[in-house]
Every structure is written in C-alpha cells, then in structure tokens.
Amino acid sequence: MPLLEVKGLKAYYRTRAGEVKAVDGVSFSVEPKEIFGIAGESGCGKSTLGMALLRLVDPPCYVEAGDVLFDGVDLLELDAEGLRTIRWKRFSYIPQSSMNALNPVARIGSQIVDAIAAHEHLSEKEANKRVAPLLKGVGLAAECADMYPHELSGGMKQRAIIAMAMALGPQLILADEPTTALDVNVQRVVLQALAYLREAMGVSVILVTHDMAAQAEIADRLAIMYAGKIVEVGAVDDVFADPLHPYTQGLMSAIPSLAEKRQIKSIPGYPPNLLDPPPGCRFHPRCPVAVGRCREEQPELRSEARGRLVACHLVVE
Amino acid sequence: MISRAAALYLVRRLVLYVATFFAAAAVNFVIPRLIPGDPIRTLLVQMEQQGRTIPGGEDLVKIYRQRFGLDGDLFTQFVNYFARLLQGDLGFSIMAFPSTVQELVGKAIPWTIGLLSVTVLLSWGLGNLLGAFIGWRRGSKVDAALTSVCLFLSQIPYYFFALILIFLFAYMLPIFPAKGAYGYTKIMSFSLDFAIDVLYHSILPSLSILVVSLGGWMITMRSMIVGVLGEDYLKLAEAKGLKKNKILMGYALRNALLPQVTGLAMSLGFIVSGAMLTEIIFAYPGVGALMYDALGRLDYPLLQGILLIIIGAVLSANLLIDFLYPLVDPRVGYKGG
Amino acid sequence: MGPSKTSLLLALRRVLAALVEFPKLGVGVAVILTLIVLAGLASVLVPYDPTSMMRVPPDLPPSSQHLLGTDTLGRDVAAQLIHSIRQSLMIGAMAGSIGTLIGIVVGFMAGYKGGLVDSGLRTLIDVFLVIPMWPLMVVIASYVQFLTVPVMAGLLAAFSWPWPARAMRAQVMSLGQREFVNLAKLTNLNSFEIAFQEIMPNMLSYIGANFANAVAGAMMAEVGLEIIGLGPQNTTTLGLMLYWAMWRGALVRGITWWVFPPIVVLISVFISLHLINMGLDEVYNPRLRR
C-alpha cells in the first residue's frame with residue numbers, strides 16, 4: 001500500500017478577480033522508502049501543492065477538493081488535534097526559505113526539543129539528549145544546539161532544519177526547494193542528507209524543486225508539473241532519458257549537458273494565467289505538436305505501457 | 001554570558017545616560033543665571049512686603065549665593081556645583097527652610113516609586129498578555145469591541161481619568177478616598193493597619209494610571225502580534241504540530257515582546273509626567289505634589305532639585321531596561337544595537 | 001478660470017472620497033473641523049469677554065438660558081468654553097506646526113546625510129525622548145515672567161519636535177534605499193531637488209500623520225501645564241478652565257458642569273487627532289488597511 005495517496009487535489013486562491021487554480025486536480029502516490037520528486041517551472045503550483053498536503057495553506061488559498069490519504073487516513077478530513085499529532089511525528093516538512101523559518105529568539109536546541117516535546121512525553125533532559133545526535137547526523141557540531149539562528153550561516157540553518165525534521169523519525173518528509181539559495185557545496189550536503197534518510201532510515205521524501213540536477217541526483221521517481229496539473233510521472237532515469245510529454249521534452253532540452261555539446265532550446269511563450277487557463281490541454285499554446293483535439297479536451301493522466309503516466313493525447317493511444 | 005557585542009552596546013548606552021545627566025545638571029546650573037535679577041532676593045522682598053520674614057533671611061541669601069549664586073567666578077561656581085551634586089547635596093528648600101531639598105524629595109519619592117512601579121509593571125504585563133490574546137483572535141467580535149474601548153481609553157490623560165474616577169467613586173458612590181496616601185488620623189508605622197490604609201488610598205490613583213496605560217499597551221501589542229502572524233517561523237511552528245498556546249506564547253509573544261520592551265523604556269518619561277499630575281489631583285504625597293507646592297511658593301532650589309532627581313531616576317530605569325534587553329533579544333549588538 | 005475651478009472641485013471630491021474610504025480619518029477630521037469652525041465663530045457667538053466675572057449669577061446648573069450653566073466666578077460656562085477651544089487649538093496648532101517643521105528638517109538631515117551628522121542628531125533626539133517633559137517644562141515656565149500664547153506655543157514646540165524628527169529620520173532612511181532615489185541621483189539632480197521632487201510627495205500623508213500626532217502631544221503638554229496654573233495669563237483656555245474649576249473645588253461642591261465640558265472637549269480632540277493619525281498612516285501604508 002502506498003504511503004501517501006493523493007486523489008484529485010484542488011487548491012485555489014480566491015481573489016477579487018476570480019479563482020486562481022494553483023493546484024487543479026492533482027493525483028499521485030508515494031511509496032515507502034522512496035524519494036518522489038515534483039518538478040516544474042516557478043508558478044506551476046508545486047509549492048502550493050506541498051503546503052496543501054500538510055494543510056498549511058492560508059487564506060486566500062483554500063483546498064477545494066480531493067483526498068490526501070496518508071497511511072489510509074485522509075488528512076483533509078482530520079480534526080485539528082488529529083492533524084496536530086500526525087504533523088511532524090509522521091509527516092514533517094522542510095520549508096522553502098530557511099532564512100526566516102527559525103524562531104529568532106530561541107536557541108536551535110530548544111526549537112528541536114519543542115518539536116519532540118509536542119509529540120512525546122519526555123523530560124526536558126531526555127529530549128535534550130536527542131538533539132546532539134540529530135545535529136551530528138546532518139554534519140553540524142553539537143555546540144550548534146546552544147546557538148541562536150542569527151549565529152548560523154544559511155547552509156547551517158538549512159541543515160538544522162533537516163535535523164529538526166528528522167527528530168521524531170517520520171515516515172514522510174516534504175522538502176520544499178531545499179537547495180535554493182545555497183552554494184553548491186552545501187547543496188551536496190543537503191542532498192546527501194536526504195538520500196541518507198531514505199537509505200538508512202527508510203524515510204520517504206517528496207522533493208519539490210525546479211532544480212533538475214537535484215532531481216536527477218537523488219529522486220527515484222519524478223513527476224513533472226505544469227500549470228497546476230501533473231503531466232508526466234515515471235522513474236527518474238526514464239523521464240530524463242526518454243521524456244514522453246512535449247513539455248517534459250522541452251524541459252530536458254533546456255538543460256545544458258556536460259556530456260555533449262548541443263544547443264539549449266527554451267520553450268517559447270509564457271506559462272498560462274491560472275486565473276483563466278486555456279481550454280483543453282493547458283500546454284497547447286506552447287506545444288510544438290498540438291492538434292485540434294488538444295484545444296478542446298483536457299488530457300487525463302493515463303498509464304503508458306512503459307510503466308509511466310502521461311497526460312497527453314498524442315502519447316497514449 | 002553576554003556577548004562582547006552586547007557589552008559594547010551597553011557601554012555606549014551607559015555613556016549616553018551619564019552624559020545626559022550631566023548635561024541636565026549643567027542646564028540646571030545655567031537657567032537661574034540666565035534670569036535677570038536675583039529670584040531669591042526678589043522673593044524675600046515680596047515676602048517682606050507681605051509682612052512676612054524668614055528668620056535669618058539675609059544669611060539665606062548669602063548661603064544661596066554661596067551654593068548656587070555669584071560668589072567666585074563662573075568656573076569655581078560650576079566646579080562647586082558639581083562637587084556638591086556628586087555628594088547628593090542639592091541645597092536648601094526656601095519654603096521649608098531649614099530642610100534640604102534632598103530631605104524633602106527623599107520623603108516624597110518612595111510614594112511616587114511605590115505607586116508607579118506597581119502600576120507600570122502591572123499595566124505593561126497585563127496589557128501585553130491581553131493584546132497577545134486579542135491579536136491572536138484578530139477579526140473576532142471580542143477583538144473589535146475591546147480594541148475600540150482601549151483605543152478610546154488610551155487617549156485620555158491619566159489625570160482626566162483620575163477626575164472621572166474621583167467623581168464616580170469618591171463622591172457619587174463614596175467608596176474610595178479622594179485624597180492622600182493615608183488617612184489624616186493615621187500615623188506612619190509598619191503595622192498591618194497602616195499598610196491596609198495605604199493600599200486603600202492607593203486604589204484610585206493606581207487605577208487612573210493603570211486603566212489608561214493598559215489600554216495603550218494592549219493596542220500596541222495587538223499590532224505587534226498581527227505583524228508577527230505572517231512570519232515563516234510561525235508557519236514552521238504550526239507544521240511541527242506544536243499546540244496553539246505554545247506557538248502563541250513561545251514563538252509569537254516572545255518576538256512581539258521585543259519592541260514592547262523598547263517602547264516601555266521610551267514611554268517612561270511620559271508615564272512619569274502623567275503620574276506626577278495624577279499625584280497632584282489626588283494630593284498624593286509624591287514628587288508630583290511636592291513639585292506643585294514648590295511651584296506655588298516659587299521654591300526654585302526645590303523645583304530644580306526635583307527635576308534633577310526625576311531625570312536621574314528615569315535615566316536609571318532606562319539603563320536597567322537596557323541591561324535586561326539583551327536577555328530577551330539575543331541579536332542585540334549584531335545589528336548595530 | 002474654468003480649468004482651475006474644475007480641478008479644485010475634483011481635488012475636493014477626491015479628498016471627500018478618501019475621507020469616506022478611511023472612516024478613521026473621516027471621523028477625526030469631522031470632529032476637528034467642527035471644533036475649528038466653533039473656534040472661528042468665537043467672536044461672533046460670544047462678542048463679549050467671557051472671563052469678566054460676575055456678569056451672571058454664579059453656580060447655576062445648565063438651563064435654556066445658560067446651556068452649560070455658570071461657574072463659581074459668575075461666568076457663563078458655554079461662552080468660556082467656545083473661547084477656550086479657540087485659544088487651546090491655536091496654541092496646539094502653533095506648537096504642533098513649529099515642532100513638526102523643526103522635526104521634519106532635523107529628521108530629514110539626519111536620515112539623508114547619515115554619518116556623523118546622523119549620529120549627533122540621533123543622540124540629541126534620544127536625549128529629548130528620554131527626559132520627562134512635564135517637570136522640565138514646569139521648571140522653565142516657573143522662571144518665565146510673562147506667559148503669553150506665543151511664548152507657550154514656543155515652549156511646547158521646543159519639546160514636540162523630537163517625535164516627528166525620529167519618525168522622519170526612519171522614513172527617510174528606508175526610502176533613501178529605494179530605487180527611485182538612486183535613479184534620481186543618477187540623473188544628476190542635486191540633494192535638494194531629490195528631496196522635494198522625489199521623496200516628499202510620497203511622504204505627505206506620513207507628514208500629516210506626524211503633524212496630527214504633534215498637535216495632540218502639544219495640547220496634552222499644554223493642558224498639563226495649564227491645569228496647575230501655568231497658562232497664558234491674559235486669556236482663557238480649556239486647561240485654565242479646569243484649573244479654575246479645581247481651584248474652586250467645583251468637583252467637591254458638585255458643580256460638575258464646570259469641570260466636565262472642558263474634559264469632554266479635550267478628550268474628543270485627543271481621540272480625533274489620534275484617529276486622523278491612524279487614518280493617514282493607513283493612507284500612506286496600504287498594508288495597514290483591513
């Protein structure tokens with residue numbers, strides 16, 4: 001049974017001008033002990049998707065429809081207390097901007113202890129003992145526990161947050177752009193930490209990032225998101241080597257390659273306005289192979305023979 | 001325990017306060033010398049015309065001159081003035097001669113400090129807590145109602161509120177006394193009886209200051225909390241599955257409290273000013289009432305002595321808050337203090 | 001004649017629309033305007049000297065003849081009130097204007113120039129902010145022989161400039177880093193021109209908010225002095241009315257109509273000015289709007 005099963009999730013921003021359909025009918029599943037990547041351009045809705053899973057979206061954004069089954073339990077239907085007990089203990093979160101995600105007036109150690117104390121009945125001493133090994137696990141000195149956030153560099157803060165995310169041994173971690181705004185060395189450390197989580201601790205990670213290199217490095221399966229919808233899902237090597245959806249093909253050819261010298265082609269046009277998306281397939285205005293049907297009918301995400309899911313009229317025949 | 005940066009910050013503040021105090025003392029030195037004529041002699045002449053004499057009045061003029069006046073050149077005067085100041089000698093009071101200024105202020109200041117310390121701390125503390133709860137529940141009916149009331153109350157000067165309270169609870173419903181810190185017939189002692197009497201007399205004065213101040217702190221804390229609501233660390237705290245109360249107290253309040261501490265330090269001058277006027281209304285024997293008496297008798301040494309002591313007290317309170325501030329905000333000294 | 005008239009009307013309509021859109025501002029302005037009109041009509045409504053004593057029987061409660069009754073010194077309270085409003089507002093407005101003007105200039109210099117100028121001015125501002133104003137003003141006022149309206153306004157202004165200065169400095173420092181100022185610098189305008197053409201227009205409502213605040217502060221300080229008798233000696237103000245009332249034990253003797261009208265008017269002034277302050281802040285900073 002999959003660890004996480006998302007069915008038809010819709011999250012819209014209600015604005016004066018109308019509804020911005022940031023996440024419009026997204027379905028996917030995450031297995032235990034796998035790193036599931038969600039990639040796409042800025043503004044495709046992947047961050048909103050991540051927040052919606054944990055019910056962390058704030059007005060004017062609302063989850064309009066769908067199921068989020070975590071180990072069989074629908075997170076969207078849970079009451080406040082039930083949600084609180086699952087949060088962090090079984091499903092934790094590494095936020096997008098770690099710069100401000102830590103409480104500026106509390107020490108790192110105490111913030112980790114907070115998370116532990118909220119879910120387990122431990123004395124403060126016992127909870128404190130758990131902090132040092134967690135920090136070591138992400139390559140931070142045990143002394144960091146006594147420091148304040150402003151005393152740490154960006155990379156150190158990010159790693160502290162990863163340590164915090166691991167504190168209760170969750171089954172699933174949502175990592176929202178964990179490598180953005182970090183230098184390459186720290187990026188490597190962060191990605192290695194996430195991979196280590198899967199290997200040694202059996203934790204699943206949902207890796208939401210537009211950084212295709214990061215996806216290539218540690219993701220097991222990859223979902224490509226465009227304009228609020230998932231257009232392709234598959235094993236990461238397959239998706240990179242043989243992209244099926246025209247958008248994915250465009251993405252892959254826009255990535256520079258160290259192996260061969262080829263021209264980088266970008267996708268012409270701009271992502272659509274989610275307030276009033278184009279009819280039919282959302283990608284059709286920019287698609288090089290669009291046909292008449294693409295303008296009228298929205299393609300469903302369907303299984304393709306090679307073990308992949310694609311939402312395109314031209315691929316799944 | 002305190003970082004080097006924080007220590008440097010404190011030293012800078014200390015220097016500022018000491019410099020301010022000496023500047024104030026210097027201004028105090030200069031003012032009487034700017035006024036043409038000799039206020040002491042003028043006063044004596046006035047009193048003689050009214051048929052009153054101070055025994056040894058001419059000697060008093062000589063002593064006053066010796067202490068604050070024109071004997072010796074300006075530099076000698078300046079040095080003597082500061083020398084005496086550092087010994088705590090502020091001269092003689094005219095209206096209560098031969099009592100010294102220090103004596104009179106010494107008797108009055110415990111009442112003012114007693115009244116103010118309790119009132120200020122209570123109103124600040126309660127106001128912040130209330131403001132935090134209201135800000136957390138922003139948009140509710142309780143929020144709208146309470147905010148409007150406090151907005152209204154916070155703009156009323158303490159002494160106006162005092163007049164209203166006296167009218168309502170000392171005359172309409174004579175529950176509380178309208179004047180004094182203790183009953184006429186009571187003698188000052190360390191007895192329970194006296195303590196209760198003091199408490200009873202302090203209720204209206206403290207309420208006048210408390211209610212108005214509390215309103216003000218509530219409103220500012222509310223907007224601080226609302227400002228903190230959008231911060232990333234609150235979102236992560238929610239994602240961590242922390243209980244709502246823990247998030248409010250440990251994360252939101254702790255951060256919103258920082259500008260409130262600074263605000264307290266900045267408001268002290270204002271609070272003291274208002275409290276002194278309130279004392280006058282209640283004939284409460286603190287420095288405010290003393291200043292009013294001194295004004296009526298044009299007792300300049302006493303007036304200036306009170307002013308200097310009050311400035312010293314407020315600066316000390318500010319220094320104390322500055323010392324405590326790095327304990328609540330660990331970032332002090334890093335961002336330029 | 002045509003175009004300028006319509007543009008004036010248009011400006012007026014826009015101002016009225018703003019007053020409706022920002023209710024705090026609207027209410028505050030309405031109350032203050034009413035008081036100003038009342039003050040302006042003082043000589044018309046009360047064409048005699050309201051402080052001359054024993055013109056009417058003393059201690060009469062409010063009636064149709066004397067809307068707010070009469071005081072212990074035989075004067076009509078309502079007549080006094082109208083003239084007092086005028087004097088108090090005048091002192092407050094004068095002190096507030098001078099104080100705000102000084103504060104803006106000082107704050108601007110500090111924020112724009114930076115460096116040593118800023119350090120020095122900032123220290124000066126901090127010193128003024130820390131020291132309790134009322135006792136200081138009492139001492140100064142006790143030395144002054146003739147306390148008239150302009151002298152009072154000057155004294156009050158000398159202590160009401162630090163707050164606008166502080167606020168102005170903070171704003172200038174935050175605005176100075178914004179792109180348009182840098183662009184203006186690139187286009188070779190000198191400091192003065194940058195100040196007036198680029199920065200000031202953005203700050204008009206902010207300056208207005210500071211002005212309202214300064215007037216409120218000045219009037220509170222004014223009353224603080226008058227209520228113990230340190231007021232302009234040749235005229236009547238709201239604070240002085242209270243002084244006389246308390247001096248004659250009005251509250252004790254139940255002559256409440258002498259005590260409460262000035263208090264009510266003053267509280268209304270303070271609240272309205274505060275509302276104007278908040279309203280203009282909302283205009284300036286859209287993030288504050290509900």
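Predicted model: local features only at pLDDT ≥ 70, side-chain atom pairs only at ≥ 80, totals over all residues.
Reader: Good to know. So which bridges does strand S8 of chain A make with S3?
Author: Strand S3 (residues 35-39) of chain A pairs with S8(A) in the parallel sense, over four bridges. To pick out one position, A:Phe36 has A:Ile206 in S8(A) as its bridge partner.

Reader: And how many bridges join S7(A) and S8(A)?
Author: Five, and that pairing is parallel too. Here A:Asp176 finds its bridge partner in A:Val208 of S8(A).

Reader: How does the chain get from S7(A) to S8(A)?
Author: It passes through helix H6 (residues 184-201) of chain A, giving a β-α-β crossover that is right-handed.

Reader: Nice. Is S8(A) mostly covered or open?
Author: Mostly covered: this strand runs over residues 204-208, and five of its five residues are buried. Both faces are covered, with A:Ser204, A:Ile206 and A:Val208 buried on one side, and A:Val205 and A:Leu207 buried on the other.

Reader: Which residues of S6(A) are buried on each side?
Author: A:Phe91 and A:Tyr93 are buried on one side, A:Ser92 and A:Ile94 on the other, so both faces of this strand, residues 91-94, are covered.

Reader: Changing topic to the assembly. Which chains share the most contacts?
Author: Chains B and C do, out of the two pairs of chains in contact. Chain A and chain C have no contact joining them, and their closest C-alpha atoms lie 14 Å apart.

Reader: And how many residues of chain B are in contact with chain A?
Author: On the chain B side there are 18 residues, in contact with 22 residues of chain A. Helix H9 (232-239) and helix H10 (244-282) of chain B are the elements that give two or more residues to that side. H9(B) supplies the largest share, six residues.

Reader: What classes of residue are on that side of chain B?
Author: Nine charged, seven nonpolar and two polar residues make up the side of chain B that touches chain A.

Reader: Last one: what does the model score?
Author: The ipTM is 0.85 and the pTM is 0.84. As for chain C, its pLDDT averages 84, and 89% of the residues score at least 70.

Notes
Residues numbered from 1 in each chain as written. Chains lettered and ligands numbered in written order. pLDDT = per-residue confidence, 0-100. Contact = placed C-beta atoms within 7 Å. Nonpolar A, V, L, I, M, F, W, Y, C, P; charged D, E, K, R; others polar. Buried ≥ 20, exposed ≤ 12 C-beta atoms within 10 Å, placed from the backbone. Pairing = 2+ DSSP bridges. Right-handed = clockwise from strand over helix to strand, strands pointing away.
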